[in-house]
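I opened this notebook to keep a record of what I looked up in one structure. The entries follow the order in which I worked.

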Amino acid sequence: MDPRQDRRAAPDGGLRSAVVVNPVKVADLDELHRTVHDALAAAGWPEPLWFETTVEDPGRGQTEKAVEAGVDVVFACGGDGTVMSCVSGLVGTDVALAVLPQGTGNLLAANLGLSGDLAAGLEVAVERGRRLLDVGAVEDHYFTVMAGMGFDAQMLADTSETTKKRIGWPAYVVGAAKHLRDRPMKVSIRIDDQQPIRRRARSVLIANVGRLQGGVRLLTAAEPDDGYLDVAVLTPRTLRHWLALGWAVVRRQDRVPRMEVFRGRRVEITSNRAQPRELDGDLIEPGRTLKAEIRRRALWLCVPQPAQAPDLAEDAQAAGERGEQLIDEAHSE
């Protein structure tokens, strides 16, 4: 049965769930608690467990506790760092991740078409659309969207939280503008067992899926369960190069100037000097190397229906409308 036809008729009494929330990202925790509780109750789910993240543990430990408690779904409620930490606690388990985006630049939510829509995130979980995704592994961390070295991470580092709160994801444009004229890095890129590729690059991205902040699709061929990582090497040198690259991305052109794309299962980037680095929009320690490898079919993710559509954002807008109806009905009871 299509779960959208009767989401309340769950013969098993609904799924057990937990909410891992970053309290810094939420304006009103009490309102969030009430909305989530009421919506899940209206869908026939039992009351979820609640865990708050801390500076010392941004979500991985709380997620592991939720898994040990026997939940079926973990709601990651926060920004990119919260989602990435929850992913690290769920890789290799049968517990599904659902995203309730609260940060301004949530990359996984953008690829799901959820933006900052709490209602859509709840509805997607309730309808039980599931997809088993690949993830990228970097040291003891995991990413679902992309890892990067160079310009992209520098942009994140120079985008203030105040600006993000005020204008949302366009704040990253402000951070990017500060570094358009920075000198490139000399990199050696080894993909699988091939000979190294040497470039003077501004940024190297290792992607599992293709959307950036604001839902802009950089890599049209990247799919989250094809067993490969897509490697984008960006080599613009002038402002004109950047404008041409950006215009081609916005227009979804097949060929993007000043960008080369490669594919592989293992990727190692080595720079001539230490570079800022990021995983799924969250900064990690700078370094001269970035090594990533694919983990096949490692994470269950709650996705809009139909679950196997090539685009993870399929049906997201309609799910948001159904979610608003679910919340309205729950609040009226």
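Predicted model: local features only at pLDDT ≥ 70, side-chain atom pairs only at ≥ 80, totals over all residues.

**Entry 1: salt bridges.** How many salt bridges does a search of the whole structure find? I got eleven. Side chains of opposite charge can pair when their charged atoms come close. I followed up some of the bridges one at a time.

I began with Arg16 and Asp72, whose side chains meet at 3.2 Å, N to O. Arg16 sits in the segment before strand S1 (17-21), and Asp72 in the loop between helix H2 (60-68) and S3, so this bridge ties together parts 56 residues apart in sequence. Arg16 has a relative accessible area of 46% and is partly exposed. Asp72 is also partly exposed, at 25%.

Next I took Arg131 and Asp225, a salt bridge with its closest N and O atoms 2.9 Å apart. Arg131 belongs to strand S5 (residues 130-138), while Asp225 is in the loop between strand S10 (203-207) and strand S11 (229-234); the pair therefore ties together parts that are 94 residues apart in sequence. Are the two ends buried or exposed? Arg131 is buried, with a relative accessible area of 3%. Asp225 has 18% and is buried because the cut-off is under 20%.

Glu260 counts as partly exposed at 29% relative accessibility, and Arg199 as partly exposed at 28%.

I also recorded a network of salt bridges that links Asp226, Asp230 and Arg263.

**Entry 2: aromatic pairs.** I ran the ring search and the count came to two aromatic pairs. One is Trp45 with Phe75, a tilted pair at 6.5 Å centre to centre and 50° between the planes. It links distant parts of the chain: Trp45 is in the loop between helix H1 (29-42) and strand S2 (49-52), Phe75 in strand S3 (residues 73-78), and they are 30 residues apart. For burial, I found Trp45 at 5% relative accessibility, which counts as buried. Phe75 is buried with a relative accessible area of 0%.

In the pair of Phe151 and Trp242, the ring centres are 4.5 Å apart and the planes stand at 35°, so I logged this pair as tilted. Phe151 lies in helix H6 (residues 151-157) and Trp242 in helix H9, so to speak of sequence, 91 residues apart, and the pair links distant parts of the chain. Phe151 counts as buried at 11% relative accessibility, and Trp242 counts as buried at 10%.

**Entry 3: one more residue of helix H9.** I stayed with helix H9 to look up Val249, which is found there. Val249 counts as buried at 8% relative accessibility. I computed the C-alpha separation between Val249 and Thr220 as 9.5 Å; the two are 29 residues apart along the chain.

**Entry 4: positive patch.** Which residues form a positive surface patch? I listed Arg183, Lys186, Arg200, Arg237 and Arg258. I placed Arg258 in the loop between helix H9 (239-250) and strand S12 (259-264). Arg258 is partly exposed at a relative accessible area of 31%. Patch residues need over 30%, so Arg258 passes that cut-off.

Entry 5: Most residues other than glycine have a negative phi.

Glu139 lies in the loop between S5 and strand S6 (141-143), and at 61% relative accessibility Glu139 counts as exposed.

Where is Arg297 found? I located Arg297 in strand S14 (residues 282-302). At 48% relative accessibility, Arg297 counts as partly exposed.

Methods:
Residues numbered from 1 in each chain as written. Heavy atoms only, no water. Patch = residues over 30% accessible without salt bridge, like charges linked within 9 Å, V, L, I, M, F, W, Y side chains within 5 Å. Areas by Shrake-Rupley, 256 points an atom, 1.4 Å probe, with all protein chains shown as cover. Salt bridge = Lys/Arg side-chain N within 4 Å of Asp/Glu carboxyl O. Lys, Arg positive; Asp, Glu negative; His and termini not counted. Charge placed at Lys NZ, Arg CZ, Asp CG, Glu CD. Helix = DSSP H or I, 4+ residues; strand = E, 2+ residues; numbered from the N terminus. Buried < 20%, exposed > 50% of the residue type's maximum accessible area, 1.4 Å probe, protein only. Phe/Tyr/Trp six-rings, centres within 6.5 Å; stacked < 30°, edge-to-face > 60°.
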